[in-house]
Amino acid sequence: MENIYLYMIIALAILAIADLVVGVSNDAVNFLNSAIGSKAISFKTIMIVASLGVAVGAVFSSGMMEVARKGIFNPSQFMFDEIMIIFMAVMITDILLLDFFNSVGMPTSTTVSIVFELLGAAVAIALIKIGHNSGDFGEVIRYINTSKASQIIFGILLSVVVAFSVGAFIQWVSRLLLSYNFEKKANWVGALFGGIALTAITYFIFMKGLKGTSYAKESFDILGGATMKDFLENQVLSIVAVSLTFWSILSFVLISAFKTNIYKLIIVVGTFALALAFAGNDLVNFIGVPMAAYNAYDAWMASGDAASSFSMEILAEKVPTNNWLLLAAGMVMVLTLWFSTKAKNVVKTSLDLSSQSNTKERFQPNFLSRSFVRSAILMSQMSSYILPESWQQKIDKQFEAPKLNIPKNKEVELPAFDLVRAAVNLMVAAVLISIATSYKLPLSTTYVTFMVAMGTSLADRAWGAESAVYRVAGVINVIGGWFFTAISAFLAAALVAYLLNLNVNVMFPILLLAAFALLIRSSMAHNKKLKVTKAEDSLTKAESSSIQGVIHESAKNIANVVKRGNRIYTNAINGLATQDLSMLKKNKKQVKKLSDEVDDLRDNIFYFIKNLDESSVGASNFYIHVLSYLQDMTQSLEYISKASHKHIHNNHKKLKFNQIKELKQVDEKLEVLFNDTKNAFDSGSFEQIGQILNEKTELYALVKEKISAQVERTRTEESSPKNTTLYFSLLLETKDLLNATMNLLEEYNTSFDSKIPPAKLIEKEEE
């Protein structure tokens, strides 16, 4: 029996490494968001600064390890075998839950997940114990620290409301005073802003990053024999006053003498501070449970008692943590930071929701988001009646974003927001977390940083009429995910603990293998998705300003649509012939993706036309027509795919042999048409289009012939209304697909000027 617990300790060590990886992937958004979004410094520099913060914070994290040992449950109420089941259930649940959130790109709180997993597993084991002893289930309070769960729930609500409101207010005031032309303000303005921001961030480093560590509890002669913790708590005003004076003077010197961009300095220091605090306080979420399990195992082995009779009251005592172990954990976190693609996915969600520019909206509007936006519009209208018009004009001028001079025909990735908003994000998050720490309020770092970013986005008018409902819907989805984290963590950990308790020797290897299998499957699916995204013939936006330029730029899109359309049509016919439901289901997803990409191109028409010179209006007409025909093609393909899937999904009669044969004949002719079209557009040999158009009459005649044949069959032998409806629908939609394709080819045939070779055209565009 001893061996099973040794294997559990080894498994927990492996799970700790896995948990570090998935945990950092989720929490990286907390400290990378502002620096990456503002593009204040290079990505490499951002990663170096964040890595240093994580490494330093990891070494200082030993004082926080007590949370996993005695913060949620009363260890004296459990025996060693029960504690090991609780810890194993927590770690298995944690990596799977966090990996799920990482895969969908949603930031959640590792603190909330670990707390509710500990709570769920402990409650499950406590109830089992009470049941075995025929006790009263109300006794569960003796086993559990019931106040902790209510504190965490209160912390979620407090984080959402306070962080969002304060972030919005501070950003509004900052923008009102600094405007978007902040770099042209007097040096003392930047110095004062730098002094306030750097004071907040450096105090945060001491309050949140170092106060909870073992080093903060040691006495220092320089502090009059007091501990750093006591000094930080008792000398708040003195520390803030001295820091504000020091940083303001230093900022003025840096701006005046060395021409330093103080906002970039704030972002660098703030990124380091949040990375340090994350590692110093959240490392317990990943390795606290395995370390507590090892301490329990070590004490049990030394005791010589049976696992079921050895009380775990030893976990209530303080146990020093090995600094080399913390450093190793820090290195794993740093490596994850550099190489995790899922971390980038989570950061992207936050940046998309706070971006000042237009991005592809990831979330669909819902009832709540529409209601919130309508309420905000009404409040804005009410304020316009209260404030004098002259005040409103001055305020609007301060919030007027400058027009960026972007070189035409060049792909330029703009910052999601400017340096002022990035600095405010870091400063406000630092202040709120510092205040919460000093008052022992359970605010989540993830919740605070995310909601501050959302509040500053609202105040900065990043959520305009075009994007507000989508962005608000995104925020609601993320907040809903936080509550889902708490509920699912509790229930899942309780279930795993129950299963382990049934027969730990059997269930431990089964659940462990299942957990690793799910992790590997998730990783493979994520990598496959990345490869598909890179390899897919995705459509690109036109950037040229002349008709001939747009013709050549759009050629690749036409070739891609035709290639993918050919595959979609063939799969629909083959799926019907073989009644392959999985093929038809996959086909529906492919055509939906193609349709979404064409819609994205149409959504970009506004920016395309704005980019044109006055002499190039013809290019816009051509491009609009091309997109219209592409949309007609995808709509026809979408209908054919959906109708085929619906017919098989509803288990209707199989199409007759002659019907399948005729559809295959049409498919073969279409395949020749699409392949010729693709080759013409791939090679840029638009002279071939005329030859393809000559086949138009033959193709229309073929489809018309099949329709007539089906009419005759329906009158004499057809007995299935569903088959008849489907067959006519497919042929008529195929006719529409042909119409759209031929119209597209005719548009190119009419507009293409063969006198201008592509090479000369590119030179002309670059000039």
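# Exercises on a helical chain

Asparagine 651 has a relative accessible area of 71%, so the residue is exposed (exposed is over 50% relative accessible area, buried under 20%, partly exposed in between, with a 1.4 Å probe and protein chains only). The model is predicted, with pLDDT of at least 70 needed for local features and 80 or more for side-chain atom pairs, while totals for chains, interfaces and linings use all residues. Residues are numbered from 1 along each chain as its sequence is written, and side-chain values use heavy atoms, without hydrogens and water.

**Exercise 1.** State the secondary structure of the chain and the share of its residues that are buried.

Solution. Step one: the chain has 28 helices and zero strands (DSSP runs numbered from the N terminus, with H or I over at least four residues for helices and E over at least two for strands). Step two: of the 767 residues, 50% are buried. Step three: contacts (heavy atoms within 4.5 Å) between residues at least 6 apart in sequence join residues at least 24 apart in 84% of cases.

**Exercise 2.** Describe how H24 packs against helix H27 (residues 721-751).

Solution. Step one: the angle is about 15 degrees and the axes are 12 Å apart; axes are lines fitted to C-alpha atoms, for helices over the stretch in contact, and angles between N-to-C directions run from 0 to 180 degrees. Step two: H24 and H27 are therefore roughly parallel (under 35 degrees; over 145 is roughly antiparallel, 65 to 115 roughly perpendicular, and the rest oblique). Step three: list residues of H24 that meet H27, among them Leu663, Val666, Leu670 and Phe674; their partners in H27 include Tyr727, Leu731, Leu738 and Met742. Step four: sort the contact by class, which gives 14 nonpolar, five polar and one charged residues (nonpolar: Ala, Val, Leu, Ile, Met, Phe, Trp, Tyr, Cys and Pro; charged: Asp, Glu, Lys and Arg; polar: the others, Gly among them). Step five: Leu663, Val666, Leu670 and Phe674 are among the buried residues of H24.

**Exercise 3.** Repeat the analysis for helix H26 (residues 696-716) and H27.

Solution. Step one: the angle is about 170 degrees, with axes 10 Å apart. Step two: H26 and H27 are therefore roughly antiparallel. Step three: the contact includes Leu699, Val703 and Ile707 of H26, and Phe728, Leu731 and Lys735 of H27. Step four: its classes are 11 nonpolar, five polar and five charged residues.

**Exercise 4.** Characterise the surroundings of tryptophan 482.

Solution. Step one: tryptophan 482 lies in helix H18 (residues 468-502). Step two: its relative accessible area is 0%, so tryptophan 482 is buried. Step three: not counting residues up to four places away in sequence, tryptophan 482 touches Pro107, Thr108, Val160, Tyr447, Phe450 and Met451. Step four: proline 107 is 375 residues away along the chain, yet the two C-alpha atoms are separated by 8.4 Å.

**Exercise 5.** Locate glutamine 579 and asparagine 651 and give their phi values.

Solution. Step one: glutamine 579 is in the loop between helix H20 (547-578) and helix H21 (581-603), with a positive phi of about 55 degrees. Step two: its relative accessible area of 37% makes glutamine 579 partly exposed. Step three: asparagine 651 lies in the loop between helix H23 (617-649) and H24, with a positive phi near 60 degrees.
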